[in-house]
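Open the model in your viewer and keep the sequence beside it. This tour tells you what to select at each stop and what is there.

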Amino acid sequence: MLYRLSAGLARVELWCAAFLAVCITVLILLNVVTRTAGNALFWVDELAIYAMVWMTFLGASSALHHRSSVSISIVSDNVPERAKPLIRKGVDVVVFAFSLAMLWFCWRWFLPLDIASNGFDVAAFQGQTFNFIYAEPTLTLGLPKYLFWLVMWLFALGATLHSTMHLLSTPEQEAQP
């Protein structure tokens, strides 16, 4: 069940990343056309950057499920076959620890309970915590930056799910689709 949940999330992440790749292409083409016409839309650059960031994080989370992340395999390629599963589980433990750390850092950064305890009053939250995450706007879009930073939560949750699945599964279970 955990494998199916992880696979389903990875599929959604890949579809979203592909959609964002198309959006980036359209935004860059729009930028070229408007600049050529002498009527540049400056918000297009910023939106393309945020779309690229979201695409990268969603794709990276999906890559964790598929074990297709960039890796250095000089050690695992040169050890006996029976040591390879141990190395793979060791990597899984490191990825799991990293994803838990990401969840912790997102919790500390966004402070969801603190903003809720302040009745979602940003000024009161800032005064109590000296955390200005919810007040900082983007430069040209004028939207709160935290909306774009929510991808960190999505990545941390996805990475935790995918790494938990890898930790709890056996190599035989992972070989089955």
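**Stop 1: salt bridges**

The structure holds four salt bridges. A salt bridge is a side-chain nitrogen of Lys or Arg within 4 Å of a carboxyl oxygen of Asp or Glu. Before you select any, note that this is a predicted model: local features need pLDDT of at least 70, side-chain atom pairs count only at pLDDT 80 or more, and totals for chains, interfaces and linings use all residues. Residues are numbered from 1 along each chain as its sequence is written, and side-chain values use heavy atoms, with hydrogens and water left out.

Select Asp45 and Arg35. Their closest N and O atoms are 2.7 Å apart. Asp45 lies in helix H2 (residues 42–66) and Arg35 in helix H1 (residues 2–36), so the pair ties together parts that are 10 residues apart in sequence. Helices here are DSSP runs (H or I, at least four residues), numbered from the N terminus. Asp45 is partly exposed, at 29% relative accessible area. Arg35 is partly exposed too, at 42%. The cut-offs: buried means under 20% relative accessible area, exposed over 50%, partly exposed in between (1.4 Å probe, protein chains only).

Next, select Asp92 and Arg67. This salt bridge has its closest N and O atoms 2.9 Å apart. It links distant parts of the chain: Asp92 is in helix H4, Arg67 is in the loop between H2 and H3, and they are 25 residues apart. Is Asp92 buried or exposed? Asp92 counts as buried, at 4% relative accessibility. Arg67 counts as partly exposed, at 31%.

Now select Lys145 and Glu136. Their closest N and O atoms are 3.0 Å apart. Lys145 is buried, at 16%, while Glu136 is partly exposed, at 35%.

**Stop 2: the largest pocket**

H4 gives the most, with six residues. The lining divides into eight nonpolar, eight polar and five charged residues.

The pocket has a volume of about 580 Å³. On a 1 Å grid over the protein atoms alone, a pocket is an open set of points where a 1.4 Å probe fits, with protein on both sides within 12 Å along at least five of seven lines; lining residues have an atom within 4 Å of a point.

**Stop 3: aromatic rings**

How many aromatic pairs does a search of the whole structure find? It finds nine. Rings of Phe, Tyr and Trp (its six-membered ring) pair if their centres lie within 6.5 Å; planes under 30 degrees apart count as stacked, over 60 as edge-to-face and the rest as tilted.

Select Phe110 and Trp153. Their ring centres are 6.0 Å apart and their planes stand at 55 degrees, so the pair is tilted. Phe110 lies in helix H4 and Trp153 in helix H8, so this pair ties together parts 43 residues apart in sequence. Phe110 is buried, at 2%. Trp153 is buried, at 19%.

Then select Tyr134 and Tyr146. Their ring centres are 4.9 Å apart, with planes at 70 degrees, so this pair is edge-to-face.

Finish by selecting Trp107, Trp109, Phe110, Phe125, Tyr134, Tyr146, Trp149 and Trp153. They form one aromatic cluster.

Methods
Points joined across faces, edges and corners; volume = space filled by probe spheres on them. Helix = DSSP H or I, 4+ residues; strand = E, 2+ residues; numbered from the N terminus. Nonpolar A, V, L, I, M, F, W, Y, C, P; charged D, E, K, R; others polar.
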